[in-house]
Each structure stands twice: as C-alpha cells, then as structure tokens.
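Good morning, and thank you for making time for this presentation. I would ask you to keep the sequence and the model in view while I speak.

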Amino acid sequence: MLFSSIPFLFYFLVAALIVYFAVPGRFKNLILLLASLFFYAWGEPKYVILMLVSITQGYAFGLLIEKYRGGKAAKLFLSLSVLVSLGLLAYFKYADFFLSSVNAVAGLSLPLLKLALPIGISFYTFQVLSYVIDVYRGETAAQRSFIDLAAYVSLFPQLIAGPIVRYSDVAAELSARTHSLSGAADSARRFVTGLCKKVLLANQFGSLAAACKQSQEASVLFVWLYALAFLLQVYFDFSGYSDMAIGLGRILGFHFPENFNYPYISSSITEFWRRWHISLGSWFRDYLYIPLGGSRKGKARQLLNILIVWLATGLWHGAAWTFVLWGLWFAVLLLLEKTVLLPVLQKHRALGHIYTLFFVTLGFVLFDADNAAQAFSRIGAMFGAGGLPLLTSQALYHLRSYAALLVLGMLCATPLPKRAAARLRETKGGALALDALEPVFLLIALLLCTAFLVDGSFNPFLYFRF
C-alpha cells in the first residue's frame, strides 16, 4: 500500500487515526502494531511472519544481552541476533543474486529460488540490528514490552522507505508521547508537502524518464533529458516519502530524524552524502565505519574502511552488480576527495557544485540501469558514443513540453522557496497572509494530488526495489 494511493489516504489512514485517538493511552501502541501489521500484510501477507520472527528474536536476544551484559554470553547473544537478522536479509534479498553470479562465473545452472523481496526488509532489519547493538553497548535499556518493541520496528509511517529510526530516537516516546492541534497542523503540512513532491513532481519526472528510455529516436539531448528527469524523480520520490513519514510520525507523537537536506546544492560528494538519506549514512557510520576503526587507525585503514562501507551501501540498495558498481563509484569519488580534491572543492564552491551534480547524475544513471552493459551504454550515449545525433525532433518536443516542470523541480530542490517564504513572513502583514492562505493552498494541493491519483496516473515507488 503506497502512501500516495487512494486506499491509504482515504480508507486506511482515516480508520487508523480514528481508532488510535479513540483508545486510551495504554492501548495506543497495540493499535499502532495492529495497524502496521495490516498495512504490511496488504501487499505481502505471508511475509508478516518473517517480520514477526525478526522482531521476536530481537526482543528475546535484547533481554538476554542486557541480563548478561559485560560477559561472554552477551557477545554470544549479540552475535546470534546479528546472524539471524543478516541471515534473513541475505536469504530473501541476496540468494538469487549469489546463485546467478555463481552460474555466470562457473558456467553452472543452479536453480534460482525466485523469492519475492519482502517490502521494507532492509529498513526493519537495520532497526532491529541497531536496537540489539545499542543494548549490548549499554546505550539503551532492553524493552520489556514485546508490543512496544514490535510497534517500533513495524511502525507503518516509516516501514517501507525510512527514515531509518533507531530505537534510542523514540524509546521515550514509545512510553509516553503528547499530541496537540498545533502539532497536528504542522504534521499535516509536512505530510501534504511530501505528497505533492511524490505525486505532482516525482511521478511527472518519472513519466518523462520512462518516455525518454522508451523512445526510438535516441539522441544525446534525449539521454541527458532522461538523466535529469531521473535525478529529479529519485530525489522527490524519496524525500517526498520521508516528508510523509515524518509528518505521519508527528501526528502519532513521534519525532523521526530528518532524512534529506537539499543534497543537490552540495559542492562535493562528501557533502552530498551528508545531505542525502541522512539516516542511512549515519547508520553505516555508527554501526560499521566506526567499529571498523573509522579514521583512528591511520590513513590507509581509513580509506579501506570507506571502501568497505560503500560496498555495503551499494549492496544494501539492491541485489545486483549495478548497485555494487554504484557503491564503488561513490567510494572512488570519496577516496579522491579524502586524499586530494576536498580542499580544492571547498575553495572553489561553484566548480565543486558543477562537479558534484555531474558525477551524481552519472551515478544515478548507473543506479537506474538493469545491468552494467545498459549503464555503460547510457553513459556513453550522454557523450555521443556510437555516432548518436545531438538532438531529434522528439527530444525537442519533450524538452519544450516539460521545460516549465523541469525548472520548477530544479527550483524546489533548493532552499530558495523556503527562504522566500521566510522573508515574506518577516514583512509587514506577510505572516498574517501566509497563515490565512496556507490552509487553502494545502487543501488545493491535496485535492490536486487526489485528482492525479484517481486518474490512475503514473505512480511508481522506486524504493520498493530495495
């Protein structure tokens, strides 16, 4: 069930919120758990058991780790929990990738398992892992209530797309949280903003990217148009979902971490990854990079650690060699910045901004490809490989048709609209005008999104693949 769907917006969400706010406080986590299980089961009912297994082992091992903390038994229980979590993830997400790779290298014909990828498994696995690791480190107490822990892991606002919420971020709010009308208003604003990003921007850029890929009149302009459209699609798709998740979380009394901070204004790849999918980057930093030694064991070891983290980041995004190459792509760029480029980029930010957008664009072309050959073909086509013409009439038609939307998307991917609203609010009467008009704009935006969804418009969600 997508957030950007009629069943979610007007049936599931309305019913879930009515029941949630109707029951006494001590039952709210139970309602959240039941609603989340229903939400998850809507698309894949059989995999609810898999998620409950993951939660149950995390709950049991968390209690055992706390009981024996400081001893060898605690380390054993931590190892078993990590093994179960990663084992389930590896089996359901990577088994066929491993088998097909062995077949290709060894010339074998091992049968593939052809398992469907459980929705959200990458996200809830990382949440269970962070919980048991934090209990082992003594950074949080083990949760005594199975319902509370299960509600945290399965929480439907962030289950399928993040942000990756650590248990320590919401532990206090699982026990007691507050709700207010002003908070609900802010939450609704954030949710509708995210919905508009997804339906009015990401879906339209996705439609353009699909049209460019399917065109029979290939040209350099068409391939660049595709690359730009996909660059904007993936940002508004994922950041829009994060906004909706954060808004829903606040309605329910939870404060999820921010996940995006205008990454396309970055002047280095290092800065880009501090602004893009922030919760994933911080997770890998705290649970892989730093335990590997971080920057504490010399420059050579630091560079190796960066390489390992980015190989893991690539694989986390998907079970395909394109994602491995995508991880290596950014690893190489980060290593170059760490050793040579970063001082130059920081000194010449305009140059750094062009450099960052260029290499991020190429990286996302690789990210979107079905295989390495297709990725290299598309990247080559961006530079006229194979005698590709510079432009065609069809490419010019799509450019003219989408020009205004592309400009709007590029503008909305920067903090300029937010800054303009802030300055307007500081003017005489500006705050009053914004307060009066904002509900009207939000209602119109919601109605417009609904119209697009009722019309059955192009409505994919990229992170269902991961």
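**Cysteines, charges and the core**

Let me begin with Cys212, which is buried, its relative accessible area being 10%; here buried means under 20% relative accessible area, exposed over 50%, and partly exposed in between, with a 1.4 Å probe and protein chains only. Please bear in mind that this is a predicted model, in which local features need pLDDT of at least 70 and side-chain atom pairs count only at pLDDT 80 or more, while totals for chains, interfaces and linings use all residues. Residues are numbered from 1 along each chain as its sequence is written, and side-chain values use heavy atoms, with hydrogens and water left out.

How many disulfides are there? The count is 0, a disulfide being a pair of cysteine sulfur atoms within 2.5 Å. Cys412, for instance, is in no disulfide, and the nearest cysteine sulfur, that of Cys196, is 10 Å away. Cys412 is partly exposed, at 27% relative accessibility.

I turn now to the charged residues. Side chains of opposite charge can pair when their charged atoms come close. For a salt bridge, the criterion is a side-chain nitrogen of Lys or Arg within 4 Å of a carboxyl oxygen of Asp or Glu. The model contains 16 salt bridges by that rule. One of them joins Arg190 to Asp243, with 2.9 Å between the closest N and O atoms. Arg190 belongs to helix H8 (residues 181-214) and Asp243 to helix H9 (residues 220-251), so this pair ties together parts that are 53 residues apart in sequence. Arg190 and Asp243 are both buried. They also take part in a network of salt bridges that links Arg190, Lys197, Asp243, Arg250 and Glu258.

A second salt bridge is formed by Glu271 and Arg275, whose closest N and O atoms are 3.0 Å apart. Both residues lie in helix H10 (residues 269-275), 4 residues apart, or about one turn of the helix. An α-helix has 3.6 residues a turn, so residues three or four places apart point the same way. Glu271 and Arg275 are each buried.

Is Lys198 buried or exposed? Lys198 is buried, with a relative accessible area of 0%. Its side chain makes a polar contact of 2.6 Å with that of Asn203 and another, of 3.0 Å, with the side chain of Asp237. A polar contact is a pair of N or O atoms within 3.5 Å; within protein, one must be able to donate a hydrogen and the other to accept it, and residues adjacent in sequence count only if both atoms are side-chain atoms.

Next, the nonpolar core, defined as a set of buried Ala, Val, Leu, Ile, Met, Phe, Trp, Tyr and Cys residues joined through side-chain atoms within 4.5 Å. The largest such core has 135 residues, of which Phe8, Phe39, Phe156, Tyr264, Trp276 and Phe364 touch the most other members. Helix H9 gives the most to this core, with 18 residues. In helix H11 (residues 278-289), the buried residues include Trp283, Phe284 and Tyr287. The buried residues of H11 pack against helix H5 (121-137) and helix H12 (299-317).

The aromatic pairs come to 56, where rings of Phe, Tyr and Trp (its six-membered ring) pair if their centres lie within 6.5 Å, and planes under 30 degrees apart count as stacked, over 60 as edge-to-face and the rest as tilted. The rings of Phe61 and Phe77 have centres 6.2 Å apart and planes at 35°, so this pair is tilted. Phe61 is in helix H3 (residues 48-67) and Phe77 in helix H4 (residues 72-106), so the pair ties together parts that are 16 residues apart in sequence.

Finally, Glu337 lies in helix H13 (residues 321-347) and is buried, with a relative accessible area of 0%. Beyond its neighbours within four places in sequence, Glu337 has contacts that include Ser268, Thr270 and Tyr355.

Notes. Helix = DSSP H or I, 4+ residues; strand = E, 2+ residues; numbered from the N terminus. Contact = heavy atoms within 4.5 Å.
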